[in-house]
Amino acid sequence: MNALIVLACLGIVAMMSEVLGFKKFLLPIVALGLVSVIGLFVMDWNTAIRYYNDMLYFDNYAIAFSAMVTVLTALWLIMSKEYFISTSSKAEHAALILFCLTGAIVMISYSDLSMLFIGIEILSISLYVLAASNKNDLRSNEAGLKYFLMGAFATGFLLFGITLIYGASGSFNLQEIANYISTNSGHLPMFVYAGVLLMLVGLLFKVSAAPFHFWAPDVYEGSPTLVTAFMSTVVKTAAFAAFYRLFATCFSDLSGWWGETIAFVAALTMLVGNVLAVMQQNFKRMLAYSSIAHAGYMLMAIVAMSHVSAGAIFLYTTAYSVASLGAFACLHTLGANNNEKIINLKGLIAKQPLNAGLLCLAMLSLAGIPPLAGFFAKYYLFYGVIQSGYLWLVMVAVLSSLIGVYYYFRVIYTMFLPREEEDGVLPQISGSHKILLTIAAILSLLMGIFPGILQGLL
Amino acid sequence: MLTLLLLFIPLIASPLCAVISRDKVKYFALVVSLLQLAATVYAFTLFKSDIANQFGVNYWWIQSLGIAFKAGFDGISILMVALTNFLLPLIILSSFRNENENPKAFYGLILFMQFALVGVFTALDGFLFYVFWELALIPIYFICLMWGGKDKVRITLKFFIYTLAGSLLMLVGLIYLYLQTPGIHTFDIQAFYNLTLTPEAQGWLFWAFFIAFAIKIPIFPLHTWQPDTYTDAPTQGTMLLSGIMLKMGLYGMIRWMLPIVPIGISEWGHFAMILCVISIVYSSLMAFVQKDFKRLIAYSSIAHVGLIAAGILSLNIQGLQGAMIQMLSHGVNVVGMFFIVDIIQRKMKTRNLSELGGLANNSPIFTILFMIVLLASIALPLTNGFVGEFLLLNGIYQYNAWIAACAGLTVILGSVYMLRAYQAIMLGEPNAKYAEFTGLSKIEKIILVSIVSVIFITGIYPKPIFIVAQPALEDILVHIKDIY
């Protein structure tokens with residue numbers, strides 16, 4: 001809880017820095033703040049305290065996910081160093097990112113549907129601005145507008161759902177709603193089901209699951225690469241944490257009813273994401289589709305709803321986010337002169353063998369090849385889903401993983417192709433981007449070889 | 001502890017290749033592989049064939065999930081590891097004359113491959129086995145991608161996705177088995193052996209495993225990646241793939257399929273056997289019409305391993321013994337064959353049978369050594385190939401005489417296409433360029449002579465191999481005998 005307060009204050013301090021004129025020290029202040037937030041979360045481990053009449057509930061699940069999104073933000077900060085130096089409005093950027101993170105943590109630790117809504121709104125509104133933050137770029141403007149319209153739409157669904165649930169149970173509190181559902185099971189009014197369905201649609205929108213994914217590729221492609229990296233890692237992790245928390249605590253008694261639906265959505269999302277990613281020539285857009293596909297895998301854990309599901313989502317989001325950050329670090333440098341084509345990676349192995357090797361590790365982790373983190377996360381996920389009896393879903397996941405290998409390996413083999421004259425100069429991955437890439441690759445390897453570290457947490 | 005030593009020598013040496021200078025790295029790799037060979041020989045001296053799981057190690061990897069780092073040797077494992085560690089120095093030696101652009105990566109990947117292969121052959125935990133199984137795929141993918149022929153990108157990707165498809169099916173099968181284990185779930189192979197599974201589940205599991213192994217071996221109709229990959233890969237990659245890596249599939253059948261799903265095999269084994277026979281006849285006929293010598297060897301390899309797979313599925317001790325000895329023989333012979341292809345290609349700049357001819361005139365030593373390797377691969381008595389094929393056909397005959405008759409065609413067809421190729425390359429009218437074919441270098445002689453001596457030693461006195469493998473194979477058969 002203290003961490004959340006520190007974080008919100010940090011956001012305000014970042015905003016003030018413009019006025020009070022200590023912009024120069026912004027980056028160290030933010031970095032220090034994030035480290036102390038992580039420290040505060042670690043200190044809260046195993047306390048499980050409910051705050052403010054059970055509005056927020058920091059159990060180990062919430063703390064683990066909150067600490068994880070903070071760590072991811074800290075990693076993201078490494079890459080965005082230049083963002084805080086070159087642009088004119090860096091104080092706003094920093095503040096918006098910190099508010100995003102605050103919203104994400106509220107979303108993760110809510111124990112009350114109103115807090116869920118507030119969390120989502122804090123996160124989303126900051127993101128709408130960030131998506132459009134490259135204001136001279138038409139694509140960025142388009143992304144911001146699209147994201148805003150779609151996001152508002154999704155929030156609407158979510159709010160309708162919350163209203164209906166409230167109408168039936170008379171409470172926003174997760175525990176009380178769960179009690180209401182379990183005591184009245186069998187003769188629930190029809191509009192409870194409608195409420196669950198509407199909330200489901202709203203959340204599926206937010207996690208960009210098919211068939212509600214259409215906004216994602218455009219928004220991801222149009223937004224500045226740094227914002228895209230933030231969206232597809234931190235935001236995605238938070239959205240899934242919120243999703244799982246809602247369905248695991250509130251609606252688990254109805255799982256017979258929505259299980260098949262989400263299973264179908266998961267299968268569709270995996271296939272749509274992977275198949276469309278194969279067709280992309282643009283690296284950034286490919287990562288956007290891959291992010292959709294990974295949302296499908298994570299949905300499988302919600303379908304399984306077994307005792308390993310929480311751990312599986314945690315591992316999977318972590319493995320996916322870390323590897324993605326590595327990929328985005330490369331993309332950010334290589335796409336510097338607006339050349340985000342995959343083909344632009346040609347010759348990377350010859351010119352920068354170390355960077356190419358590290359990017360290979362990140363790609364292999366995303367593709368789920370042992371001994372990298374992505375493999376173990378996928379294994380753990382499959383294990384939970386098979387245990388719950390959804391064998392067909394695992395077979396779909398296997399099939400779509402194979403499709404996934406196709407495009408991740410396209411990135412890998414493109415690096416091995418010879419670079420011709422007309423391909424232009426290959427930008428050097430160096431400085432902070434190289435550091436982030438190295439950290440991402442090493443973490444992917446470590447979490448793959450010693451998965452017990454994170455697997456035992458939840 | 002010896003298991004750990006054998007695993008970690010190549011694993012530690014592999015990244016060290018990056019820090020050694022470009023000119024010295026090949027010597028470093030050779031020394032490491034010889035060290036590994038010495039350790040294997042030492043393991044043999046301590047090995048007692050009638051004890052299962054020797055030099056075993058067993059540490060928890062992820063204790064809460066029952067995943068252990070459990071590895072050890074029995075008669076089957078030690079022979080496969082011996083094959084791997086015997087061939088690796090030869091494969092490394094065969095690359096000495098290559099002008100590699102990036103030798104550090106090349107030798108690093110080869111040694112990493114060795115680590116993964118030893119891991120596959122010693123793992124006694126399902127999860128560990130799977131990890132090693134996949135791990136072996138990564139270095140070979142990069143070897144083929146970096147040093148392959150002109151169509152390498154498409155071919156290596158096809159190869160990777162093909163094998164990964166099988167592997168993932170196997171993963172699902174392994175997780176299913178894991179969930180069946182009583183109490184706290186475990187991936188321990190003994191726990192898998194002790195399971196009692198319903199016939200229906202065994203049928204499904206049979207297919208999950210069989211497809212994974214059949215892709216690796218490969219067996220018709222899952223073989224389509226193989227000729228392209230073998231032809232396009234660099235010589236050392238082809239040697240690794242054909243000499244050792246496809247044995248992973250055969251080894252997997254013996255260790256992870258037969259004892260776990262015996263009812264599944266009794267139900268579907270006949271069908272699989274027929275696929276093996278189709279594989280044998282089809283690829284022999286395909287070999288017959290190939291113009292590229294390397295591609296011809298690739299097809300002949302499908303025929304040979306099809307016979308081994310059929311021998312394993314015949315489920316009797318002769319078939320299994322034959323499979324063991326033929327796995328070793330095929331590994332040695334096929335590496336010899338691909339090395340001969342490499343010599344011809346290097347000197348003549350072509351592998352096309354119609355452009356070659358009359359090479360026998362120039363290099364008598366090469367002619368003789370080539371002839372011996374060739375005769376071994378068509379199973380002439382006194383060579384290692386004969387012992388294996390005889391036992392395999394014997395085992396298959398006990399299973400079904402008709403299938404044995406069809407499978408036996410491999411011997412006849414094999415000699416036809418092999419001798420035809422020999423005739424086209426070595427005999428006949430000398431080709432215009434034949435003068436370029438000079439004598440063998442010292443390294444080439446060392447490699448071919450060591451292969452030829454192994455061919456004769458195992459061909460004349462194969463008994464030590466039988467003694468080593470017998471108890472372990474009987475252990476495997478015990479699990480099957482309960483059913484019949």
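Predicted model: local features only at pLDDT ≥ 70, side-chain atom pairs only at ≥ 80, totals over all residues.
1. On the helix 6 side, the contact is made by B:Ile140, B:Ile143, B:Cys144 and B:Trp147, and helix 11 brings B:Gly237, B:Leu240, B:Leu241 and B:Met245.

2. Now for the geometry of the pair. Helix 6 (residues 137-147) and helix 11 (residues 235-257) of chain B pack at about 150 degrees, and their axes are 9 Å apart. Because angles over 145 degrees count as roughly antiparallel, helix 6 of chain B is roughly antiparallel to helix 11 of chain B.

3. Staying in chain B, have a look at helix 15 (residues 364-377). Its 14 residues reach 20 Å from first C-alpha to last, close to the 20 Å expected. Among its buried residues are B:Phe366, B:Leu369, B:Phe370 and B:Ile372. The buried residues of helix 15 pack against helices 13, 14, 16, 17 and 18 of chain B. Just after helix 15 of chain B, B:Ala379 has a positive phi of about 65 degrees.

4. Finally, the two chains meet: 20 residues of chain A are in contact with 20 residues of chain B. On the chain A side, helix 17 (373-387), helix 18 (391-416) and helix 20 (452-455) each give two or more residues. Helix 18 of chain A gives the most, with nine residues. The chain A side divides into 15 nonpolar, five polar and no charged residues.

Conventions
Residues numbered from 1 in each chain as written. Chains lettered and ligands numbered in written order. Axes fitted to C-alpha atoms, helices over the stretch in contact; angles between N-to-C directions. Helix = DSSP H or I, 4+ residues; strand = E, 2+ residues; numbered from the N terminus. Parallel < 35°, antiparallel > 145°, perpendicular 65-115°, else oblique. Contact = placed C-beta atoms within 7 Å. Nonpolar A, V, L, I, M, F, W, Y, C, P; charged D, E, K, R; others polar. Expected span 1.5 Å × (residues − 1). Buried ≥ 20, exposed ≤ 12 C-beta atoms within 10 Å, placed from the backbone.
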